[in-house]
Amino acid sequence: MLDIPPKHKELFQQIGEAAESIDQQVYVVGGYVRDFYLKRSDSSDVTDIDFVTVGSGIELAKKVAKKLGSNQVSIFKQFGTAQVKHKNLDLEFVGARRESYRKNSRKPLIEDGSLQDDQLRRDLTINALSWSLNPDTFGTLYDPFNGIRDLQNKLIRTPINPEKTFDDDPLRMMRAVRFATQLNFKIEGETFAAIKKMAPRLAIISKERIIDELNKIVSSPKPSIGFAKLLDTGLLKQFFPEMVDLLGVDEKNGQRHKDNFWHTLKVLDNTARLSDDLWLRWAAIMHDIAKPPTKKYVKGVGWTFHGHDALGAKWVPRIFKRLGLPLDERMKYVQKLVRLHLRPIALVSDEVSDSAVRRLIFEAGDDIEDLMTLCRADITSKNEWRVKKYRNNFDRVEKKIVEVEEKDRIRNWKNPISGEEIMEVLGVKPGPVVGRVKDRIKDAILDGEIPNNYDEAYNYLLRIKSEYESQ
Ligand code: ATP
Ligand code: MG
């Protein structure tokens, strides 16, 4: 039986013929073949396909482009790879390589090799599966490391001695955890032990490559699988020690606080169930990050983490920078949610004033719904009655937010009075006084002292003016 999906059969035949015409062997390899056997895709959402050829990847890519009538070939000479764009597919061609060791050097020599040589250098058995495309062997599966068996047993395993695989490229340890998370696979025992041993080697890998894999973990259906493995293998403390510091429970006078590492992972999974947004998920990861240094046992009260919201927000830029995450509005969004994550809880009580609600709407702006999503995800009690109670509380808060917003239009609020107008009315030059007056008008509106419109704000400005004059 031919395993090749009908959708790409003709394309693969043409590539096989192109290779044959220059006396090279060509194989599909990696994710495409793996996902076919996993049925993770019906090959309709495929965007890139990897090919390995015995011979020159660049020469083959040129031939393929000509045959397909594509003039989009990009050549990466220093890597010996080439990419052909065809319809909406990226076809990647690489020549098979092998490593040989010279007597006096630990540094391997990379040279041309056979298909088997190339498969030996792949990260995982399930990523080394290949189909031959040359006419006489079209569709033959090459699976020298029992990748199919590992797919069936849901196992992450390296093709060769895992210590060697990870020593050659320590990023593969992150990839092992990433695939285990995406596929919900187990990491096989020896592979796991090797990661544990080799984890410090991750230090030689650039943050850009690490964050790519980490973000794929965060984007998975159940990210906690990955973070638990990153913790257990010792990888996490290599690049995100603040998160490891969340681990552990203290006890005083028989009172224990919850373990903030496992709590954070529950919040992250809850968030992942509610939203695909990577940055909302990052807000979940960071929301309690500053709990350890703010932890205090207060007699008669219990464990407190006073100020962990503000301190956590303050830490966000430093952590984002070190991890290689963007330092733009996406960081500011995460920072904002971390800073505000306790505020909706303060709005639960019936006596809460409209002005407190207006303040939160003003500060959260268009991110108010995401903030509420984070708050709901933050409910991790095992007590069903409590969970129900907290959810009802947030329902009430959301209702208040909607009511107040309908009435007062505070979201995306802009001060109706401009700085120029203030200077004109008060007869002052640019300076700190303008900002102070602007803030007073803002406070008057948010506190409900005056309605949110231009005329009322202007009258209020005139009142401030007479105040200044009588001074
Ligand atoms: P996906 O694209 O779905 O994340 P993939 O398996 O296609 O999965 P890529 O990163 O696109 O992953 O890599 C393509 C193939 O190249 C892999 O299947 C694997 O065989 C090989 N590969 C990628 N990175 C490494 C690495 N660091 N070490 C060894 N082999 C690798
Ligand atoms: Mg890929």
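Me: Where is N184 found?
Reply: This is a predicted model. N184 is not a glycine, yet its phi is positive, about 55°. As for its place, N184 sits in the loop between helix 7 and strand 11 (186–187).

Me: Is D23 buried or exposed?
Reply: Exposed means over 50% relative accessible area. D23 has a relative accessible area of 73%, so D23 counts as exposed.

Me: Is T181 buried or exposed?
Reply: T181 has its place in helix 7 (residues 171–183). Buried means under 20% relative accessible area. T181 has 2%, so T181 is buried.

Me: With which residues is T181 in contact, leaving aside its neighbours within four places in sequence?
Reply: Contact here means heavy atoms within 4.5 Å. With the sequence neighbours within four places left out, the partners of T181 are I217, S220, K222, P223, I225 and G226.

Me: Which residues touch the most other members of the largest nonpolar core?
Reply: That core has 127 residues. One of the residues asked for is in contact with L214, I217, V218, L236, M243, F261, L265, L268 and I285, leaving aside neighbours within four places in sequence; this is F227. A second, separate core of six residues includes Y27, V52, V94 and L115. In the largest core, the residues with the most such partners are F227, F240 and W282.

Me: Which helices do the buried residues of helix 23 pack against?
Reply: Helix 23 covers residues 432–446. From first C-alpha to last it reaches 21 Å, close to the 21 Å expected. Its buried residues are V433, V434, V437, I441, A444, I445 and L446. They pack against helix 19 (354–364), helix 22 (419–426) and helix 24 (454–469).

Me: Which residue follows helix 23 and has a positive phi?
Reply: Helix 23 has 15 residues. The phi of the residue that follows is near 80°. That residue is G448.

Me: Which helices do the buried residues of helix 21 pack against?
Reply: Helix 21 has 25 residues, 384–408, and reaches 36 Å, close to the 36 Å expected. Its buried residues are V387, N393, F394, V397, K400, I401, V404, E405 and D408. Their packing partners are helix 18 (343–346), helix 19 and helix 20 (368–377).

Me: How far apart are the C-alpha centres of domain 2 and domain 3?
Reply: The division gives domain 1 (6–146), domain 2 (154–239) and domain 3 (419–470). Between the C-alpha centres of domain 2 and domain 3 the distance is 58 Å.

Me: What radius of gyration does the protein have?
Reply: The C-alpha trace spans about 95 × 60 × 50 Å along its principal axes. For a compact globule of 471 residues, the radius of gyration would be near 23 Å. The protein has 29 Å.

Me: What share of the contacts with a separation of 6 or more comes from residues 24 or more positions apart?
Reply: The protein has 24 helices and 15 strands. Of its 471 residues, 50% count as buried. For contacts with a separation of 6 or more, the share from residues 24 or more positions apart is 65%.

Technical notes
Residues are numbered from 1 along each chain as its sequence is written. Chains are lettered from A and ligands numbered from 1 in the order in which they are written. This is a predicted model: local features need pLDDT of at least 70, side-chain atom pairs count only at pLDDT 80 or more; totals for chains, interfaces and linings use all residues. Side-chain values use heavy atoms; hydrogens and water are left out. Domain bounds come from an automatic or database domain assignment. Helices (H or I, at least four residues) and strands (E, at least two) are DSSP runs, numbered from the N terminus. The expected span of a helix is 1.5 Å times one less than its number of residues. Buried means under 20% relative accessible area, exposed over 50%, partly exposed in between (1.4 Å probe, protein chains only). The radius of gyration is taken over C-alpha atoms; the globule rule is 2.2 Å times the number of residues to the power 0.38. A nonpolar core is a set of buried Ala, Val, Leu, Ile, Met, Phe, Trp, Tyr and Cys residues joined through side-chain atoms within 4.5 Å.
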